[in-house]
Amino acid sequence: MSKKKIFISAVVLTLLAALVYLQIRTWQRFDWQKFWAVTKETSFAYLLLGTALIYIDYVLRALRWKILLRPVCQARTSQLVAPTLIGFTGLALLGRPGEFIRPYLIARRQGLSMSSQAAVWTVERIFDSGAFALMTSVNILIAGAQLKTLPGFVHAPKAFLEFQISGAVLLVGVATVALFAYLVKKNPERIADFMGRIPGRISEHAGQAVSHRVQAFGKGLNTIQDLKSFFQLCGLSLAIWLIIGFSYLAVIHAYQLHRHAAEMSFSNVLLLTAASVVGGVLQLPVVGGGSQLATIGVLHGVFAFSPELSTSCGMMLWLVTFMSVIPAGLSLTHREHVSLTRLEEESEAETMEGKALEARK
């Protein structure tokens, strides 16, 4: 192992230790013996089910990308599964810098430009965000009566009211973004010109930058071929997030010997998924960070899991839903004789070159 890899591994382990220490330090008592006992009692069958659901999600993501490729080529879903697994492995091991490995691999294999696949990636993120926000807000509004009875909200009714308001805001936000996307898709140049005027009054450079971004956003929306494709993308995006929710439910029910875990409902799990996703915005290479801490905090503070059960369950959710792709991804990189770090460097270089070309136009 090179000195660079040894140094990176040391930093990663230090960060992970620090995150766990900071979380445990907030509790007055933490029994490590109980933590290991709780972890050993998990049902392997439920953990396997949760992992299988996540792998089904990767296939659905490949299918969704295939639909987004329709305007430029007729790719097969089977051709996109390997790049998807390798891409998410890069994301798990390298953090955000590995985000563009997947579009880079797809662009290279389908003979397309990196900029076109970066646009596909952007549209995919829009559908992901919309589906997640819609699912979360509807769950908060419909299952409000049940969620209100959770231990953490019973003792803090004001917090639940704020939570309901956030659900309504999310729903309005989804509708606003959908309307904006429709207007940009219909007339990108006009909307880009209008959006650029507002900051342009303060700074001409800022106005041009906003206008350029809106036009690029409009070009990205051209990856949606027709209305049929749009509804297929919406359905797949919702299915992807619902399956993630069921995967969370399977992992939590793996702790079926503990009453709080065994009684978790699907609406409760969707709440937990939302906390994990929001926390995941703060993502560190390998260790993750924000996602685990948010999950552990909600399990303990809202669902009244013990510190040991919260920590074990939070880490297990991270392993199953985020890190379980690594064995398959590394196996594929070995079979295809590619390097994740080299792919990350090449994808970043291609992305920067694409941005430079767009800026010169």
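## Leu-183 in helix 9

Leu-183 lies in helix 9, which spans residues 157-186. The model is a predicted one. With a relative accessibility of 36%, Leu-183 is classed as partly exposed, because that class covers values between 20% and 50%. The C-alpha atom of Leu-183 is 9.2 Å from that of Gly-218, although 35 residues separate the two along the chain. Gly-218 also takes part in the helix contact described next.

## Helix 10 against helix 11

Helix 10 (residues 188-200) and helix 11 (residues 204-221) have axes that come within 7 Å and cross at roughly 155°. The pair is therefore roughly antiparallel, since the angle is over 145 degrees. The crossing of helix 10 past helix 11 is right-handed.

On the helix 10 side, the contact residues include Pro-188, Ile-191, Met-195 and Pro-199. Among their counterparts in helix 11 are Ala-206, Val-210, Val-214 and Gly-218. By class, the residues of this contact comprise eight nonpolar, six polar and two charged.

## Helix 12 against helix 16

The axes of helix 12 (residues 227-253) and helix 16 (residues 307-323) are 10 Å apart, and the helices pack at an angle of about 135°. Helix 12 and helix 16 are therefore oblique to each other. Their crossing, too, is right-handed.

Ser-247, Tyr-248, Val-251 and Ile-252 of helix 12 meet Cys-313, Met-316, Leu-317, Val-320 and Thr-321 of helix 16. This contact consists of seven nonpolar and two polar residues, with no charged ones.

Methods: Residues are numbered from 1 along each chain as its sequence is written. This is a predicted model: local features need pLDDT of at least 70, side-chain atom pairs count only at pLDDT 80 or more; totals for chains, interfaces and linings use all residues. Side-chain values use heavy atoms; hydrogens and water are left out. Axes are lines fitted to C-alpha atoms, for helices over the stretch in contact, and angles run from 0 to 180 degrees between N-to-C directions. Helices (H or I, at least four residues) and strands (E, at least two) are DSSP runs, numbered from the N terminus. Angles under 35 degrees count as roughly parallel, over 145 as roughly antiparallel, 65 to 115 as roughly perpendicular and the rest as oblique. A crossing is left-handed if the near helix is turned anticlockwise from the far one by less than a right angle, and right-handed if clockwise. Contact means heavy atoms within 4.5 Å. Ala, Val, Leu, Ile, Met, Phe, Trp, Tyr, Cys and Pro count as nonpolar, Asp, Glu, Lys and Arg as charged, and the others, Gly among them, as polar. Buried means under 20% relative accessible area, exposed over 50%, partly exposed in between (1.4 Å probe, protein chains only).
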